Amino acid sequence: ITGYEALLRWRHPEKGMIAPDVFIPAAEEYGLIIKLGDWVIETACREVGKHMEGGRIAVNLSGVQLSDPDFADRLWSILLKTETSPMQLELEVTETAIIADKARALHTLRLVKALGVTLALDDFGTGYASLDTLQVFPFDKIKLDRGFVSGLGTEDRARAIVRAVLALGRSFEVPVLAEGIETDMQLDILRLEGCQEAQG
């Protein structure tokens with residue numbers, strides 16, 4: 001085990017579980033995502049300090065957080081407050097989050113990287129301009145989308161795509177993590193292809 005991912009869930013007292021793809025856009029729309037995002041990062045940092053000595057925890061970022069000019073300053077304050085080493089925190093960003101304001105996102109991610117926090121490109125292969133994003137942005141890791149992993153062992157094209165992404169990662173000297181592993185067969189294929197990390 002090399003790390004964990006903090007996944008936000010909302011258990012509503014009357015409506016039960018509300019999926020992130022429902023409440024995150026609502027939080028963004030109503031101006032709550034900055035406060036919510038800071039809370040998630042701080043909570044994850046506290047957990048890594050309590051339970052995962054030497055481990056790493058990944059947290060997803062919203063496009064709204066990336067466009068906030070004060071994000072890096074608040075992130076540094078959270079790291080100091082929770083006494084978390086920047087190397088223990090990994091922030092995950094999707095291409096969709098970057099697209100709205102690429103210049104602002106690039107500036108924010110460079111500041112975050114300067115703090116020593118690891119950056120991961122999430123859901124790789126499902127965005128708009130993956131190769132351009134990899135070339136321009138300072139990512140430390142590529143997270144291969146689960147949609148490609150689910151076809152391993154049953155679809156030849158899935159394996160070809162996984163192999164191509166792994167080769168791309170090696171060319172950029174960026175490790176690849178495959179998401180959504182559900183079977184031993186998928187894990188075995190990823191090991192054979194030389195995938196560095198798997199999640200599932």
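**From the loops to the sheet**

Mentor: Glu173 is exposed, because its relative accessible area of 73% is over the 50% cut-off. Keep in mind that this is a predicted model. Glu173 sits in the loop between helix H9 (156-172) and strand E8 (176-178). Its phi is positive, near 60 degrees, and Glu173 is not a glycine. Most residues other than glycine have a negative phi.

Now move to another loop. Which residue there has a positive phi of about 55 degrees without being a glycine? That residue is Glu83. Glu83 lies in the loop between H4 and E5. Its relative accessibility is 73%, so Glu83 counts as exposed.

That loop has a helix on one side and a strand on the other. Take the strand first. Is E5 largely enclosed or largely open? Of its 6 residues, 5 are buried, so E5 is largely enclosed by the rest of the structure.

Look at the partners of E5. Strand E5 covers residues 89-94 and pairs with strand E6 (residues 118-124). The pairing is parallel and runs over 5 bridges. Leu91 stands opposite Leu119 in E6. Thr94 stands opposite Asp122 in E6. E4 is another partner of E5: 4 bridges join the two, and they run parallel. There, Ile57 has Leu89 in E5 as its bridge partner. In a regular strand the side chains alternate between the two faces of the sheet.

Step back to the whole sheet. How many strands does this open sheet have? It has 7, in the order E1-E4-E5-E6-E7-E8-E9, with parallel pairing. Strand E1 (4-6) and strand E9 (197-198) are the edge strands, and each pairs on one side only. A helix packs on this sheet: H2 touches E1, strand E4 (57-60) and E5. The direction of H2 makes about 170 degrees with that of E4.

Two packed helices are described by the angle between their axes and the distance between the axes. Helix H4 (residues 71-82) packs with helix H2 (residues 33-51) at an angle of about 30 degrees. Their axes are 9 Å apart. Angles under 35 degrees count as roughly parallel, and H2 and H4 are therefore roughly parallel to each other. Their crossing is right-handed.

Which residues meet here? From H2 come Ile34, Asp38, Ile41, Glu42, Cys45 and Arg46. From H4 come Phe71, Arg74, Leu75, Ile78, Leu79, Lys81 and Thr82. By class, this contact has 7 nonpolar, 1 polar and 5 charged residues.

One more stop: Ala114, in helix H6 (residues 102-114). How far apart in space are Ala114 and Ala72? The C-alpha to C-alpha distance is 9.5 Å, while 42 residues separate the pair in sequence. Ala114 is exposed, because its relative accessible area of 67% is over 50%.

To recap, follow H2. On the sheet, H2 touches E1, E4 and E5. H2 also packs with H4. E5 in turn pairs with E6 and with E4.

Key. Residues are numbered from 1 along each chain as its sequence is written. This is a predicted model: local features need pLDDT of at least 70, side-chain atom pairs count only at pLDDT 80 or more; totals for chains, interfaces and linings use all residues. Side-chain values use heavy atoms; hydrogens and water are left out. Axes are lines fitted to C-alpha atoms, for helices over the stretch in contact, and angles run from 0 to 180 degrees between N-to-C directions. Angles under 35 degrees count as roughly parallel, over 145 as roughly antiparallel, 65 to 115 as roughly perpendicular and the rest as oblique. A crossing is left-handed if the near helix is turned anticlockwise from the far one by less than a right angle, and right-handed if clockwise. Contact means heavy atoms within 4.5 Å. Ala, Val, Leu, Ile, Met, Phe, Trp, Tyr, Cys and Pro count as nonpolar, Asp, Glu, Lys and Arg as charged, and the others, Gly among them, as polar. Buried means under 20% relative accessible area, exposed over 50%, partly exposed in between (1.4 Å probe, protein chains only). Two strands pair if DSSP finds at least two bridges between them.
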